[in-house]
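Here are my notes on the model, point by point. Please read them with the structure open.

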Amino acid sequence: MLIKWQSSNLITWLCTMLSATLLAGCTGMPQSVEPVSPFNIDRYLGTWYEIARLDHSFERGLSDVSAVYSRNDDGSITVINRGYHTENQQWQQAEGRAVLVDEPDEAHLKVSFFGPFYSSYVVFYLEPDYSVALVSGYNTDYLWLLAREPIMDKAKIARYVAIAEQAGFATNRLLYPAQSQHP
């Protein structure tokens, strides 16, 4: 009886540790990046336009991609991602919730678009005037170049791409979605 109880506890413990590891892995970050600090979440709020991204199924086929961040009464952040699906000729939108992970002045957030499941959102480069940001997910498969304006000069894009490449991202796989402002 004691052996069975220990085995059952061991299985429960292993399942708990596996779940905690999986959840922590989704809110972790690549070893090659560090969140911007000091960071002022209130200055980060507002509209950002996607200049470049690594490809993912949840954004495939989208142009005119933007994200709007606004503060909720409880201190969390509402995230509204929007893009124009060129093939279907219609807008798509997803609403999520973000919260800071550790320190209030560190640009490491976790974002959820699907209930209790969160994923990392790490601002690892940010212009001092909060006009351009490089954002990573929990690993180097996720990268976004965001700006306050929908169009960016190619020389500036090259500068930010070089920063991302130095941080270990496969910048040769970046997509540059159009920002043509569909109706």
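**Notes on strands, rings and backbone**

1. In β8, Leu143 is the bridge partner of Ser136. Strands here are DSSP runs of E with at least two residues, helices are runs of H or I with at least four, and both are numbered from the N terminus. β7 and β8 (residues 143–147) are antiparallel and share five bridges; two strands count as paired if DSSP finds at least two bridges between them. Six residues lie between β7 and β8 in their hairpin.

2. Basis of these notes. The model is predicted, so local features are reported only at pLDDT of at least 70 and side-chain atom pairs only at pLDDT 80 or more, while totals for chains, interfaces and linings use all residues. Residues are numbered from 1 along each chain as its sequence is written, and side-chain values use heavy atoms, with hydrogens and water left out.

3. Overall layout. The protein chain holds three helices and nine strands. Their order along the sequence is α-α-β-β-β-β-β-β-β-β-α-β. Of the 183 residues, 39% are buried (buried: under 20% relative accessible area; exposed: over 50%; partly exposed: in between; 1.4 Å probe, protein chains only). The accessible surface is about 10,700 Å², and carbon and sulfur atoms account for 56% of that surface (Shrake-Rupley method, 1.4 Å probe; for residues, only the protein chains shown count as cover). Take the contacts between residues at least 6 apart in sequence: 52% of them join residues at least 24 apart (contact: heavy atoms within 4.5 Å).

4. Strand β7. Is β7 enclosed or open? Five of the five residues of β7 (residues 132–136) are buried, so the strand is largely enclosed by the rest of the structure. In a regular strand the side chains alternate between the two faces of the sheet. Here Val132, Leu134 and Ser136 point one way, and Ala133 and Val135 point the other way.

5. The other neighbour of β7. Strand β6 (residues 117–126) runs antiparallel to β7, with four bridges joining them. Leu126 has Ala133 as its bridge partner in β7. The hairpin of β6 and β7 has five residues between the strands, and Tyr130 there takes a positive phi near 60°.

6. Ser120. This residue lies in β6. Ser120 has a relative accessible area of 7%, so it is buried. What does its side chain meet? The side chain of Ser120 makes a polar contact with the side chain of His108 at 3.1 Å (polar contact: N or O atoms within 3.5 Å; within protein, one must be able to donate a hydrogen and the other to accept it, and residues adjacent in sequence count only if both atoms are side-chain atoms). A polar atom of the Ser120 side chain also lies 2.4 Å from the backbone oxygen of Gly28. Leaving out residues up to four places away in sequence, Ser120 touches residues including Cys26, Thr27, Leu109 and Ser136.

7. Aromatic pairs. There are 11 aromatic pairs (Phe, Tyr or Trp rings, the six-membered ring for Trp, with centres within 6.5 Å; planes under 30 degrees apart are stacked, over 60 edge-to-face, the rest tilted). Tyr44 and Tyr69 form a tilted pair, 5.5 Å centre to centre with 55° between the planes. Tyr44 is in helix α2 (residues 41–44) and Tyr69 in strand β2 (residues 62–71), 25 residues apart. Both Tyr44 and Tyr69 are buried. The ring centres of Tyr125 and Tyr160 are 5.8 Å apart and the planes are at 50°, so this pair is tilted too. Tyr125 is in β6 and Tyr160 in helix α3 (residues 154–166), so the pair ties together parts 35 residues apart in sequence.

8. Ring cluster and charges. Ring pairs link Phe39, Tyr44, Trp48, Tyr69, Tyr121 and Tyr130 into a cluster. Arg82 lies over the face of Trp91, 3.8 Å from the ring centre (charge over a ring: NZ of Lys or CZ of Arg within 6 Å of the ring centre and within 35 degrees of the ring normal). Lys110 lies over the face of Tyr118, 4.8 Å from the ring centre.

9. Backbone checks. Most residues other than glycine have a negative phi, and most peptide bonds are trans. A cis peptide bond joins Ser37 and Pro38, with omega about 5°. Asp64 has a positive phi of about 50°. At 3% relative accessibility, Asp64 is buried. Gln89 also has a positive phi of about 50°. At 60% relative accessibility, Gln89 is exposed.
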